[in-house]
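Visitor: Hi! Could you walk me through this protein?
Guide: Happy to, have a look at it here.

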Amino acid sequence: MTKLITDKNHIILPKKLQKEGYQIFKNGWPDLLTVKNKELRFIEIKEEGKGLRDEQIGMMQALSDNGLSCFIWYPKTGLINFKDYFLYAEKRLKYKGKQV
């Protein structure tokens with residue numbers, strides 16, 4: 001039988017930190033964390049035509065704001081730096097004739 005984690009401290013600490021002004025992220029973590037030559041990269045893997053969810057945008061923004069490299073990977077396009085993501089998404093929508 002699998003035991004679920006129901007430790008009350010997993011509830012108490014996040015509430016305490018939120019009261020102190022911290023944002024708590026449980027969802028939206030990128031699919032991959034890669035390390036090469038001590039350089040960290042967070043990568044979200046997406047299917048063509050799929051965008052980031054709000055939680056993923058918030059997470060990648062927080063990581064990026066703290067100096068960490070974040071990327072979105074599409075099969076046809078390859079890696080897109082998170083900092084360029086919204087420009088890429090806007091161009092893609094305009095190309096498909098959709099309003100941004």
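**Strands, core and a buried glutamine**

Guide: Let's start with a pair of strands: β3 and β4 (residues 78-81) run antiparallel and are joined by 4 bridges. Two strands pair if DSSP finds at least two bridges between them. This is a predicted model, where local features need pLDDT of at least 70, side-chain atom pairs count only at pLDDT 80 or more, and totals for chains, interfaces and linings use all residues. Residues are numbered from 1 along each chain as its sequence is written, and side-chain values use heavy atoms, with hydrogens and water left out.

Visitor: How many residues sit between β3 and β4 in the hairpin?
Guide: There are 3 residues between them.

Visitor: And which residue in β4 is the bridge partner of Phe71?
Guide: That is Asn81.

Visitor: Zooming out, how many helices and strands does the protein have?
Guide: It has 3 helices and 4 strands, in the order α-β-β-α-β-β-α along the sequence. Helices (H or I, at least four residues) and strands (E, at least two) are DSSP runs, numbered from the N terminus.

Visitor: What's in the largest nonpolar core?
Guide: It has 12 residues, including Phe42, Leu52, Met60, Ile72, Phe82 and Tyr85. A nonpolar core is a set of buried Ala, Val, Leu, Ile, Met, Phe, Trp, Tyr and Cys residues joined through side-chain atoms within 4.5 Å. Buried means under 20% relative accessible area, exposed over 50%, and partly exposed in between (1.4 Å probe, protein chains only).

Visitor: Which elements give two or more residues to this core?
Guide: Those are α2 (54-65), β3 (69-74) and α3 (85-95).

Visitor: Let's pick Ile72. What is Ile72 in contact with?
Guide: Leaving aside neighbours within four places in sequence, the contacts of Ile72 include Leu52, Met60, Ile80, Phe82 and Tyr85, and also Glu44 and Lys46. Contact means heavy atoms within 4.5 Å.

Visitor: New topic: where is Gln56, and is Gln56 buried or exposed?
Guide: Gln56 is in helix α2, and Gln56 counts as buried because its relative accessibility is 3%.

Visitor: Which side chains make polar contacts with the side chain of Gln56?
Guide: One is the side chain of Glu44, at 2.9 Å, and another is that of Lys46, at 3.2 Å. A polar contact is a pair of N or O atoms within 3.5 Å; within protein, one must be able to donate a hydrogen and the other to accept it, and residues adjacent in sequence count only if both atoms are side-chain atoms.
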